[in-house]
Amino acid sequence: MSEQPIDTCMEKIVSLCKRRGFVFQSSEIYGGFNGFWDYGPYGIALKRAVERQWWLYMVEKRNNVVGLDSSIICHPKVWKASGHVDRFGDIMCDCKKCKTRFRVDQMPDPTTCTNCGSKDLTPPREFNLMMKTYVGPVFDEEHIAYLRAETCQPIFLDFHSIRIATRMQLPFGIAQVGKAFRNEITPRMFTFRSREFSQMEMEFFCADEGSMEWFEYWRQERWNFYLNVLKFPVEKLHLHPHDKLAHYAKAAVDIEYEFPFGWGELEGIHHRGTWDMSQHQQFSEQDLQYLDQTANKRYLPTVVETSVGLDRMVLAILCNAYDEDRAPTQKEGMEDDVRVVLHFPATVAPVQVAFLPLSKKLNQNAQDLQEKFLGRYRTELDVTGNIGKRYRRQDEIGTPYCVTFDFDSLEDNAVTVRERDSMAQERIPIEGLRAYLDEKVLG
Ligand code: GAP
C-alpha cells in the first residue's frame, strides 16, 4: 500500500469497517459505549473464519491438543488464586488541570503532567481491571463474582477432568476460544484494546524437564501460523522477548505486528512453570499433581501457553489486507481513480465467491448457480449496479473470486471468473467450476 499518514490509514480502515458492515461501535444510537464493538455480517464471517483457521491449526490437525468451552463466570476464588483480584491493575493518576489520565509507571516524571506540565495531580490510585458482577438476587459483597479476564484459568481448573475423560497423558494441550473482559482504563485503537474481546488460548501441559523445548516448539508453530496461514509478510512481524519475567516464568515472548499506529503485541507465548497449577492446588486444597506412570513420579505439570486476542488478530488481518491502487480507468485531467481492495487470503475472506449476473434478465441463472455452492463456500449474489461497480464493491470487502454469468453462458455453459488481486478473467465451463474453485478457495 502507498505510504500514508498513520491516522489517515487507520481512519480509512475504521470507516470502511463501518460502511461495509464489518465492525461498528456498540450502542451507537445511544452515542456509543467505549471499548465495546459489534461485528456486522462481513465482520462476523471474517472473525468466524479466522477462529476456524486457528482451531484447525491448533486442535484438529494435532493429536495432542483437545478443546474446552468453559463458563465465563467461575468461582470467585479462582481469581483470588490467579492473582487477578489483588494484582491485576495499574497505578494511575489524573491531571486536575487538563484531566488526562496516566499510568504512573509510564510517566517520565510522576510529579508532572506529561500533557500540560501541571503539578496538580491526584494521588496515585490503583485501578483493578476485573469486571465485577453479582451472582444471586442480593447485590452485596458476598455475592460478588467476576467475568473472566482470560480464558486460560478454567483450563487449569478442568485439567484433571479432561485428562481422565480423554485418557490423555503428558505432554498434551487444552485449547479454548471465548470471551474475556477487562475494565481497560484507556480502550484505544479501534478493537486493539477493548473491554470485551475474544481470546484464543492453548495451555500445553508437560514435565518440567524438556519444557523449554516445548516453549521453542510453540513459538515456532505460532510464528509459522502468521506466515503460512494468514500470509503476513515477514517484515510486518517480529518477536519481542520479555526483558522482565514473572518470578515463576522461565521465558516469555510476544509476536508483534506492525499496525499503522506502530508495533503492537498480537500474541504471547509464555512458559508459566507450575505457577497456575500450584496456586489452584493451594487455594482449592485439592491435590492437582499428575502421576507420571513412566517415570513413577507425582508432580505438578509445567505449562507453556500460547495466547492471542481474536479481535486483535482480525484487526491485524484487516490492516494487512487494506490496499489502494489506481484503476486502469484513470484519464488525463481527471481525479485519480482509486480502487480499495482487501487482499484477504481466500480461507478467511468473508465472501469467498460472488455470483454476478451480467443483466437483470440473468438474475435467476446466477442465483441457481450460487445455490449449488451454498454451504461449500461463503457466497454472495450481487445483482445491483453495473458490473464494474459490483467488482469494486466485491474488491472492497475482499472477495477473491467473482463469477459472472452472461448471455454467452446460456450458449456455452461457461462463466467468467475474475480474480481479485490480478483482476485477470478466465472462462471456465460450469461443470468444471467446482473443481476450479475448490483448488483456489479451499487450498
Ligand atoms: N493468559 C495470558 C494472557 O491473557 P495477555 O497478554 O494479558 O495474556 C493475551 O493477553 C492476548 O490477548 C494479547 O496478546 C492480546 O492479543 C489479547 N488482549 C489482551 N488484552 C486485550 C484487550 N483489552 N483487547 C483486545 N485484545 C486483548
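Is Gly-443 buried or exposed? Select Gly-443 to begin: the residue counts as exposed, at 88% relative accessibility, where buried means under 20% relative accessible area, exposed over 50%, and partly exposed in between (1.4 Å probe, protein chains only). Gly-443 belongs to the segment after helix 12 (433-442); helices (H or I, at least four residues) and strands (E, at least two) are DSSP runs, numbered from the N terminus.

The model is predicted, with local features requiring pLDDT of at least 70 and side-chain atom pairs counted only at pLDDT 80 or more, whereas totals for chains, interfaces and linings use all residues. Residues are numbered from 1 along each chain as its sequence is written, and side-chain values use heavy atoms, with hydrogens and water left out.

**The whole chain**

Of the 443 residues, 51% are buried. Contact means heavy atoms within 4.5 Å; among contacts between residues at least 6 apart in sequence, 63% join residues at least 24 apart.

**Aromatic residues**

Now select the rings of Phe, Tyr and Trp. Two rings (for Trp, the six-membered ring) pair if their centres lie within 6.5 Å; planes under 30 degrees apart count as stacked, over 60 as edge-to-face and the rest as tilted. A search of the whole structure finds 26 aromatic pairs. One of them joins Trp-54 and Trp-55, and this pair is tilted because the ring planes stand at 45°, with the centres 6.3 Å apart. Trp-54 is buried, at a relative accessible area of 0%.

Move to Tyr-57, which forms one aromatic cluster with Phe-192, Phe-225, Tyr-226, Phe-232, Tyr-257, Phe-259 and Phe-261. Within this selection, centre the view on Phe-225 and show Arg-222, which lies over the face of that ring at 4.4 Å from the ring centre. A charge sits over a ring if NZ of Lys or CZ of Arg is within 6 Å of the ring centre and within 35 degrees of the ring normal. Then select Tyr-391: the charged end of Arg-418 sits over its ring, 4.5 Å from the centre.

**Backbone stops in loops**

Continue to Ser-27, in the loop between strand 1 (23-25) and strand 2 (37-39). Its phi is near 55°, a positive value in a residue other than glycine, and Ser-27 is partly exposed, with a relative accessible area of 34%.

Finish at Lys-99, located in the loop between strand 4 (89-94) and strand 5 (101-103). Here phi is near 70°, again a positive value in a residue other than glycine. Lys-99 is exposed, at 64% relative accessible area.
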